[in-house]
Amino acid sequence: MAKSKYTNIGGQALLEGVMMRGTEHTAMAVRNTAGDIEIEIFPTVRSQRPAICKKPFIRGIFGLIDSLAIGYKCLMRSADLSGMAEEEEAEKQARRAKKSKWSLKLEDALEKFMMPIATVLAVALAVLLFMYLPVQLYTWLAQAFPAIAQNYLLRSVFEGVIRIVIFLAYVMATALMKDIRRTYQYHGAEHKTIFCYEKGLPLTVENVRVQKRFHPRCGTSFLVLMLLVGIVVSMFIRVDNPFLRTGLKILTFPILISIGYELIQYAGRHDNRLTRVISAPGVAIQHITTREPDDGMIECAIESMKRVVPGASGYPQRETLRRDAAPQPAAAEM
């Protein structure tokens with residue numbers, strides 16, 4: 001069944017839940033340890049920026065900034081709503097009770113610096129693996145085979161393929177973790193629910209369950225498109241020094257984000273041969289980053305979606321849906 005409507009509603013898998021972001025409202029539905037669904041709704045706040053920031057090939061950068069900010073906020077909040085934060089705190093206090101006074105002082109002192117240090121190390125590791133390592137590998141290859149040293153087409157393709165391989169290895173490694181696999185299930189529930197709404201079907205577990213879990217507007221597809229666009233952009237960087245080349249590649253990030261954003265938006269609005277080609281690499285990776293959800297996960301995605309569709313109103317900002325409560329009907333306009 002083809003799409004009957006287009007929506008710019010986007011979502012994100014959370015810890016034991018799903019966030020949906022509409023033009024007017026953002027909602028998150030998280031299942032707590034008792035099995036109830038905790039729901040919170042808040043306005044979709046978009047930064048007041050000049051009109052030029054909303055133009056094609058410029059809007060992508062600011063859209064990404066907004067998405068990362070709200071996504072991080074909801075992810076942290078989901079830890080509280082799900083009860084995971086309380087469990088971790090209880091475990092932490094139990095461990096602390098067994099330690100000496102001086103050990104606790106040392107632990108508290110280290111905690112103050114852990115987050116900034118971890119952030120710096122994470123960024124440095126990402127730059128090293130995804131940016132510098134592919135460049136250095138080709139440099140070593142060119143030293144062994146001087147004839148390819150100035151072949152910038154081959155260099156760009158080689159570096160791009162290495163980055164994609166590293167990205168695939170990272171995604172596959174995360175899929176081995178139990179908690180991440182559950183998050184990938186919620187990711188699948190998010191996609192299925194959006195597909196159900198786009199097809200004009202009532203938002204019920206039965207209708208959502210049969211939908212595809214691979215969506216062209218997925219963030220995974222966006223990352224893959226950035227990697228592919230990066231191969232083309234890298235062809236114009238005619239520098240061999242590994243450090244200088246890495247620095248120039250970092251400076252091209254706004255270009256990659258802008259082009260990737262426009263491609264992903266076009267693929268989401270249309271269904272033809274071109275968009276299927278554009279979406280194909282990202283959809284292939286989604287076989288790893290999404291998994292089939294259970295009905296409870298689908299319920300979270302539905303409750304979140306119902307509160308952000310155009311015309312949705314009358315829902316409280318915060319509420320708890322008890323596990324044994326009867327399911328609520330979908331909004332009339334669906």
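Tutor: This is a predicted model. Strands S4 (residues 37-43) and S5 run antiparallel and are joined by 4 bridges.

Student: Which residue of S5 is the bridge partner of Glu40?

Tutor: Strand S5 covers residues 318-321. Within S5, Glu40 has as its bridge partner Arg318.

Student: What distance does helix H4 reach from its first C-alpha to its last?

Tutor: Helix H4 spans residues 152-174 and has 23 residues. At 1.5 Å a residue the expected value is 33 Å, and the helix comes close to this, reaching 33 Å.

Student: Which residue caps the N-terminal end of H4?

Tutor: The cap is made by a side-chain oxygen that lies 3.4 Å from the backbone nitrogen of Leu153. The residue that supplies this oxygen is Asn151.

Student: How many of the 21 residues of H5 are buried?

Tutor: Helix H5 (residues 178-198) reaches 31 Å, close to the 30 Å expected. Buried means under 20% relative accessible area. H5 is largely enclosed by the rest of the structure, because the number of its residues that are buried is 16.

Student: How many residues apart in sequence are the parts that Arg217 and Glu198 tie together?

Tutor: The side chains of Arg217 and Glu198 meet in a salt bridge of 3.8 Å, N to O. Arg217 lies in the loop between helix H6 (205-209) and helix H7 (219-234) and Glu198 lies in helix H5, so the pair ties together parts whose separation in sequence is 19 residues.

Student: Are Arg217 and Glu198 buried or exposed?

Tutor: The salt bridge between Arg217 and Glu198 has a distance of 3.8 Å. As for their accessibility, both residues are buried.

Student: What is the distance between the closest N and O atoms of Arg77 and Asp80?

Tutor: Both residues lie in helix H1 (residues 59-82), 3 residues apart, about one turn of the helix. Arg77 is partly exposed at 27% relative accessible area, and Asp80 is partly exposed at 41%. The two form a salt bridge, and their closest N and O atoms are separated by 3.9 Å.

How values were computed: Residues numbered from 1 in each chain as written. Predicted model: local features only at pLDDT ≥ 70, side-chain atom pairs only at ≥ 80, totals over all residues. Heavy atoms only, no water. Buried < 20%, exposed > 50% of the residue type's maximum accessible area, 1.4 Å probe, protein only. Helix = DSSP H or I, 4+ residues; strand = E, 2+ residues; numbered from the N terminus. Pairing = 2+ DSSP bridges. Expected span 1.5 Å × (residues − 1). Polar contact = N/O pair within 3.5 Å; in protein donor to acceptor, adjacent residues only side chain to side chain. Salt bridge = Lys/Arg side-chain N within 4 Å of Asp/Glu carboxyl O.
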